[in-house]
Amino acid sequence: MAQQNRLQIRQVLQLGRALRLVWQSSPGWTSANLVLLVVQAVLPVASLYLTKLLVDGVSSGLLLPDKSSALATVLPLLGLLGLTALAAAACRALSGWVSEAQTQVVTDYLHGIVHRKAAAVDFAYYENARYYDTLHRALQEAPFRPARIIAGLVQLGQSVFSLLAVALLLLTLHWGTALLLLAAVLPGTLVRLRYAETLFRWQRLRTPRERRAWYFNGMLTGDSHAKEIRLFDLAEAFEQRYCELRAELRRERLQLASKQALADFATQAGAAVAILACLGYIALRTLQGGLTLGDLFMYFQAFQRAQTYLQEALGSLVRLYEDNLFLSYLYEFLDLPNHVAEPAEPVSLPLPLQSGIRFENVSFCYPDSKESALDHIDLTIAPGQIVAFVGENGSGKTTLVKLLCRLYDPSAGRITVDGIDLRDLSLRTWRQTVSAIFQDFARYHLSAAENIAPAHAEESEPIARAAQASGAHEVIAQLRDGYQTLLGRWFDQGEELSVGQWQKVALARAFWRDCPVLILDEPTSAIDAAAEDEIFEKFQLLAARRTTVLISHRLSTVKLADRIYVLAQGRIVEQGSHDELIARQGTYARLFELQAQHYR
Ligand SMILES: Nc1ncnc2c1ncn2[C@@H]1O[C@H](COP(=O)(O)OP(=O)(O)OP(=O)(O)O)[C@@H](O)[C@H]1O
């Protein structure tokens, strides 16, 4: 409990971090907001004082024989009051506009921060459910909490400034009024603080269920499951599970909302009692002749306003506390550590490669997993060599290339390139050295050219060359606008491709980056046999200068590799050229024979 409290206090103390974010995103708008804040605080007090002068002017005018002479006092006061009201209205409008503009800027800025972090965190996080909970909470809270913090701070500033001004006025009546004010507002505020904490804790616990509900929602409304949902008649079952989850969350949220309603009632009731006591005192003093009618009016108003300001100030504090608690979700996300770390002093990698890539006794176990996915792997990939990995599902082939791409670091052993540990190269250097296509390749709903070279779509020649090598050129040439055609059906004018055509485009992307190391994880699984043959014919030319790692279940493709490694349960069980492995009559030969039978 004490630890929890300490944690929460630390979170609240991070208000500085929220303010820094707001300031960094929009210094100009923040300054404008501050100026408006001060002006808006002063205007109501000026208006109160002018009203008092007006009431006193009118009441003393009533005693004069020539009533019209009182107009000389009253009319300018009326004019000033009108000007004050006008200025207050202008400030309110301006303040609304400034706040809106600032909210937009801060929200976009925050999204930018989240995007950069999401792209920079270890890939491992994307294979971890807890990360998605954290990301989900950050995405839910990041866009609007800082804007609410700004609004809360503006409100707090306005209320505190106005309160100070009015409190000074009230103290001229009696010091006890300040105590009455506090007694009116404090208890309800404390209850609301408690409620904010309860809500925060609940929100944290509900994330997995909420994400599950979103998952069903996504399946019911997205395109990736639309076929199966119709064919297997899954809509009703999924809808029911969605509704159950939502109903459970709704029930819990409503319980919390009723607690909040109680807290609000406590605030209001306390305030009503205090107002009555104070108003009674002011009326009594006026009847006793201690106050003029103008004073009566001014103090009545001042007390009511002070009570409103105090309530607003404490309400803003509660909201700030709550917003800050919820912003801790964003900080939790932004502070996620990377385990695949950049070296303190990166070593440079001279190209072309000399001795090649070595796995030295490499073992790997996925985080939260008990079984090793790779077990004491030792192998060498010479520069310019085509090396293939084969093995049954789950034998560790993709894990091996994930390590090679440094999406993960080995749990034991090391991977070297020309004798340099991968961990000593800067991530950027290594990732620029490697190009890859994975089984779950991406389909960008962008133009065909952007699909091949996402950030260099204007480089038409190398794009076309890569597309020719992968067989994508023939596909793209038939599209309405060639390389400028938008692919996919997400956006208007987009043209959908078949799975194999998409794969050819993804393969072109891997070819386009003229990197010394090329990784092909099931690159032609959806491509027809004739096209595959052609691709690999061109590919041998293309790969001549490159070190290539190929994963494929099609052993007719694997045949072309200089060296083949057969994996089973994370270990290398056979290795050699195609002919050597066939001669050995082991697992590879058996698998090859099995596949060949289908074609006889
Ligand atoms: N993110 C992960 N977290 C935990 N375990 C994983 C993860 N990814 C894969 N594994 C496990 O690691 C082992 C090796 O998986 P890997 O994907 O490397 O196999 P593969 O040989 O590429 O299989 P396939 O031929 O089906 O693509 C499997 O037992 C798998 O269950």
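Two strands are taken to pair if DSSP finds at least two bridges between them. Strands (E, at least two residues) and helices (H or I, at least four residues) are DSSP runs, numbered from the N terminus. The structure is a predicted model, in which local features need pLDDT of at least 70 and side-chain atom pairs count only at pLDDT 80 or more, while totals for chains, interfaces and linings use all residues. Residues are numbered from 1 along each chain as its sequence is written.

Six strands form an open sheet of mixed pairing, in the order 6-7-8-3-9-10. Strand 6 (434-437) and strand 10 stand at its edges; each has a single partner strand, so one side of each is left without a neighbour in the sheet. From one strand to the next, the twist averages 20 degrees; angles run from 0 to 180 degrees between N-to-C directions, and axes are lines fitted to C-alpha atoms, for helices over the stretch in contact.

Within this sheet, strand 9 and strand 10 form a hairpin with two residues between them, and Gln 569 in the turn has a positive phi of about 50 degrees. Tyr 565 has Gln 575 in strand 10 as its bridge partner. Val 387 is bridged to Arg 563 in strand 9, and Ile 519 to Val 549 in strand 8.

Helix 16 (residues 499-512) lies across strand 6 and strand 7, running at about 175 degrees to strand 6.

Val 362 stands opposite Ile 377 in strand 2. In a regular strand, side chains alternate between the two faces of the sheet.

| Strand pair | Sense | Bridges |
|---|---|---|
| Strand 1 (residues 357-364) and strand 2 | antiparallel | five bridges |
| Strand 3 (residues 386-391) and strand 9 (residues 563-568) | parallel | five bridges |
| Strand 9 and strand 10 (residues 571-576) | antiparallel | five bridges |
| Strand 7 (residues 517-521) and strand 8 (residues 547-551) | parallel | five bridges |

**Helix packing**

Helix 3 (residues 27-62) packs against helix 10 (residues 293-334) at an angle of about 155 degrees, with their axes 7 Å apart. That angle makes helix 3 roughly antiparallel to helix 10, a term used for angles over 145 degrees, against under 35 for roughly parallel, 65 to 115 for roughly perpendicular and the rest for oblique. The crossing of these two helices is right-handed, meaning that the near helix is turned clockwise from the far one by less than a right angle. Residues in contact (C-beta atoms, placed from the backbone, within 7 Å) include Pro 44 and Leu 48 of helix 3 and Phe 297 and Met 298 of helix 10.

The axes of helix 4 (residues 71-120) and helix 6 (residues 145-171) come within 8 Å and cross at roughly 145 degrees, again in a right-handed crossing. Among the contacting residues are Val 106 and Leu 110 of helix 4, and Ile 150 and Val 154 of helix 6. By class, this contact has seven nonpolar, four polar and no charged residues. Ala, Val, Leu, Ile, Met, Phe, Trp, Tyr, Cys and Pro count as nonpolar, Asp, Glu, Lys and Arg as charged, and the others, Gly among them, as polar.

**Ligand surroundings**

The residues around the ligand (C-beta atom, placed from the backbone, within 6 Å) include Glu 127, Tyr 366, Lys 397 and Thr 398. Helix 11 (residues 397-404) gives the most to this shell, with three residues. The shell has two nonpolar, eight polar and two charged residues.

Note on methods: Contact = placed C-beta atoms within 7 Å.
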